[in-house]
Amino acid sequence: MDHWKRINNPYDDDKVIDACGLFGMMDTSGGRFSGVDAIAAISNMHERGNGLGGGFAVYGLYPQYAEHYAFHVMYLDEAARREAEALLQDGFRVALAEPVPTRKTRGVQDPPLVWRYFLQMRTQDGQKLSHDDYVLQKVMQINTGVRDAFVFSSGKNMAVFKGVGYPEDIANYFRLEEYQGYLWTAHSRFPTNTPGWWGGAHPFNVLDWTVVHNGEISSYGINRRYLEMFGYHCTMQTDTEVIAYAVDLLMRRHKLPIEIVADVLAAPLWSQIEREDEERIAFHTTLRQVYGSLLLNGPFSVVIAHQGEMIGLTDRIRLRPLTAAVKGNLLFLSSEESAIRLVSPQLDRAWSPMGGEPIVGSLDRPLGKREPVAAALAAT
Amino acid sequence: MSVDTLSQKGLAVRIDANGFHHRELNRLIREAVAEGAQRIDLHGVCGQRYIATNLRSGAEIHIHGTPGNDLGAFLDGSRLIVYGNAQDGCGNTMNEGEIIVHGHAGDIAGLSARGGRIFIREDVGYRAGIHMKEYEGKGPALVIGGTAQDFLGEYMAGGTMVVLGLTLNGGNCHTASFVGTGMHGGVIYLRGQINDYQLGKEVGVSQPNRKDRAILRELVTQFAGHFGFDAEEILAGRFVKLFPLYLRPYGRLYTY
């Protein structure tokens, strides 16, 4: 990663204070739609970003390779590509390797090489590990071991597209209006305290987990050290990375439901726990003891997504905004209500969730026109 | 960018805001006011920030759509009427005038306001009225028709806040926690139930006296007039008065 500064912040303006923009849109009935609405919505919040990062996560993206792990990898030079590809060839059966299609775009400067790979496990690969854990290990191996190569997307039937620029420029660069998915999340970045570089743009990903984030994780150090014990190594220079690894650990590996994960990441305050019944006090005290190192301190609102599910969450005293809205089968999550109204002027319901309260859209529980509050109920 | 469709008919002006950046939109509003417009209708508003910022006029500005953050920031005497919802920071550091929202408002409504009146028909988000202030005879009023989320009136230093709880179902207990945390001035009148543990440590509770009742009557009557409610019916509800116990709650925090 020595050379990441080479394609770093073109404005030499790393330390600026404002807010990022988040947007998420999911058809809970699984219908796929193009990126046009998500791009329009995130660019309606242009003011929230400063052009130092834009990105998108798309689910249901590669149905023709639905059972392959889709890797998106950025390289700062050809040597890095050769080295990383040797590792990929060694570890997987590579069904397809190609550059991610792009078009020349004003506002996108000095892009790295971005390639995608559709990978399958060979029978002998990683017999002692689950497929997901094997893939995780390979991602960490490339990100920590190959200089100037970064796997920034590694899930099935989904991918992340991101870079330095406003999100609408990044969308144009990666031709996102040509893709379809049932779930889109988008991010407009205004870096605080950490560099604006291609790998530092949101969403952050591991396997099919993605996170877009507005805020600052002041517990980054302790979260990072805790996650290292489980084989996660932070290489992207940005606090948000820990959230992606935390949800992979808690939800995929430890199989915790989102309600409990929310109690870990945005734990209720002790003054609230005190008023609960004995059983809940014991439960919340235990959670704090076991997972205290994954408590996210500092202001945040996030949209977390994985296969079939989109989750909105803010810190427990909501120091960053989040608006949720429902229209028919669609669930929207956004930093600002206007971005939702832009693409869906009439809504069944629009509201601000309480701090620490997860809002969940799921393919398992499709929203219906007759149950406009199902998303909120699913969260309680 | 859409084409400038500013069309002027006498003193009423219509502006199609669709595609305009806030700088451009505010420039058009200022020009219309300078030319003597009494009523300005903004259509297709979608997220433009700072609408009518620092505006001093007698004009009424009717906003159709969803105005962006910091609506009417530093407003200095106009009436803004929103047919929809307001986002965060509505009435930020407002000095004079009126903001009327036919819907809900996001976080920090009325933050640091020092004058003027804000009426929200439905609920507000976190930290409504944070650090509102007053000086001698001048102070702001924030009237919320629904309920509020946590930290209502945080660090409140002056002014009057009224929370009517009209959107609460059934047991009509407000759910906000940390109400009035750090409050050291001003007053909050709250209609409906609230438990002691929901209040900040710096807050006292009492029954509204006759003077309080007169203030409430005036503000609730205005609220009811804006949104078509029955003021008497609202006033017949049970109100509590929340007031600061100390003028300098943190006066000794960093001293020995």
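**Close-up 1. Five rings, one aromatic cluster.** Phe161(A), Tyr173(A), Phe174(A), Tyr179(A) and Trp198(A) come together as one aromatic cluster. Keep in mind that this is a predicted model. Across all chains, the structure holds 17 aromatic pairs, and the next views pick out some of them.

**Close-up 2. Phe150(A) meets Trp197(A) edge-to-face.** A pair of aromatic rings is described by the distance of the centres and the angle of the planes. Here the ring centres of Phe150(A) and Trp197(A) are 4.9 Å apart and the planes sit at 70°, so we call the pair edge-to-face. Phe150(A) belongs to strand β7 (residues 149–153), while Trp197(A) is in the loop between β10 (183–188) and β11 (204–206), so the pair ties together parts of chain A that are 47 residues apart in sequence. Phe150(A) counts as buried, with 1% relative accessibility, and so does Trp197(A), at 0%.

**Close-up 3. Tyr173(A) pairs with Trp198(A).** This aromatic pair is edge-to-face too, with 6.1 Å from centre to centre and 70° between the planes. Tyr173(A) comes from helix α4 (residues 167–173) and Trp198(A) from the loop between β10 and β11, so parts of chain A that are 25 residues apart in sequence get tied together. Tyr173(A) has 10% relative accessibility and counts as buried; Trp198(A), at 0%, counts as buried as well.

**Close-up 4. Charges sitting over rings.** Look for Lys162(A): its charged end sits over the ring of Phe204(A), 4.3 Å from the ring centre. Arg349(A) has its charged end over the ring of Trp351(A), 3.9 Å from the centre of that ring.

Key: Residues numbered from 1 in each chain as written. Chains lettered and ligands numbered in written order. Predicted model: local features only at pLDDT ≥ 70, side-chain atom pairs only at ≥ 80, totals over all residues. Heavy atoms only, no water. Phe/Tyr/Trp six-rings, centres within 6.5 Å; stacked < 30°, edge-to-face > 60°. Helix = DSSP H or I, 4+ residues; strand = E, 2+ residues; numbered from the N terminus. Buried < 20%, exposed > 50% of the residue type's maximum accessible area, 1.4 Å probe, protein only. Lys NZ or Arg CZ within 6 Å of the ring centre and 35° of its normal.
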